[in-house]
Amino acid sequence: MVQNDQVQRSERLKVIIRAVEGGVRRLDDLAELTGVSEISLRRDLRELEEYGAIRRIRGGAEPAPRRGSPYPFDVRAGSDRAAKQALAEAAAQLVPERATVAIDNGTTALAVADRLAGRDLTAMALSLHAAAALARHAGVEVIVPGGPVAQDDLSFHGPGAAEAVRAMRFDVAVLGACAADPEAGLTVAGWGDAQVKRALLETARRVVLVATADKFTRRAAHRFGALADLDTVVTTQDAPADVVHLLRDRGVEVVTVPVPESP
C-alpha cells in the first residue's frame, strides 16, 4: 500500500511538471488535472520548486527558467518501476564475473546496481544511492570517485569525478542518460554530469546504455556523446523501430525486453 501511494504521488508530480512545461498553469487547472486539493497542490509546488522543476507564481506555477531540468529523483524513482527492473535484469547479465564495472547515476542505473549486489566485482558507483545498493551484500568491492555530491540524486559530478573515472579502466560501463535522440545524441541536463559520462565513454571497453523507450524522443542541454559511441543498448520492445534500426546499422548491439504490463 505504501509503495502504491508513492507511485501515485510520483505520477501526480510528473503530471504537474508536464502541465507547467507548456506554460503558466493556475491552481484550479492543476487541481482538475490531478484530482487533489489546492492545499496538497501548494505542498507539491513548493517541493517541485525546491528541486528546480517549476517556478511558483501567485495562484499557480510557470516553467522553470533552466532548460533541460531533470525530474526530481523521487519522481523518477517512482515511475516505470517494472520496466526498469526488467531492463536491469537484462543489463546485469552483460556484466561478467570479476569484471571492473562503472555504474552511472540515475534510477535505471540504480536498478542495475541492485541486481549486481553480492557479485564478485569491482565497481565504481557514481552516486551514493548506487554505492549503498552495491555494498549491502558482501562480494562487490565498491569505489566512489569523491568530490561534490548533488543534493537531489546524490550523484558525483564535475571535473574531479571525471578525473577519477579516467584514472580507471572498466570492462563495462552501465550508462544512463536524460535523452538519446538520434540527431542530438546522448544528452543530460547538467554540465558536470556530462563531463563524467564523457569520461566513461573514454575509459570503458564496453559501454552499455540502459534506457526506457521514451528517452529516444527527448533532448537535454548538454551533449556528451553520439549513439554510435555505445556498444550495447538495453531497452524495451516499444522503443522506436527507426531508432533500433539506426543503432544496429551503426554497429550497436540492441537488447530488448518485453514491456511489463501495468499493475
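Residues are numbered from 1 along each chain as its sequence is written, and side-chain values use heavy atoms, with hydrogens and water left out. Because the model is predicted, local features need pLDDT of at least 70 and side-chain atom pairs count only at pLDDT 80 or more, while totals for chains, interfaces and linings use all residues.

The secondary structure of the protein chain consists of ten helices and 13 strands, taken as DSSP runs numbered from the N terminus (helices: H or I, at least four residues; strands: E, at least two). The C-alpha trace spans about 55 × 40 × 35 Å along its principal axes. For 263 residues, a compact globule would have a radius of gyration near 18 Å, and the 19 Å of the protein chain agrees with this; the radius is taken over C-alpha atoms, and the globule rule is 2.2 Å times the number of residues to the power 0.38.

Of the 263 residues, 51% count as buried, where buried means under 20% relative accessible area, exposed over 50%, and partly exposed in between (1.4 Å probe, protein chains only). The accessible surface comes to about 12400 Å², with 48% belonging to carbon and sulfur atoms; areas come from the Shrake-Rupley method with a 1.4 Å probe, and for residues only the protein chains shown count as cover. Among contacts (heavy atoms within 4.5 Å) between residues at least 6 apart in sequence, 60% join residues at least 24 apart.

Buried residues of H5 include Lys84, Leu87 and Ala92. The buried residues of this helix pack against helices H4 (73-77) and H6 (107-116), and against strands S10 (204-210), S12 (232-236) and S13 (253-257).

Helix H6 also holds leucine 116, which counts as buried because its relative accessibility is 0%. Leaving out residues up to four places away in sequence, leucine 116 touches Ala92, Val95, Ile103, Leu121, Leu134 and Val140.

Leucine 13, in helix H1 (residues 2-21), has 2% relative accessibility and therefore counts as buried too. Beyond its neighbours within four places in sequence, leucine 13 is in contact with Asp44, Glu47, Leu48 and Val75. Leucine 209 lies 196 residues from leucine 13 in sequence and 26 Å from it in space, C-alpha to C-alpha.
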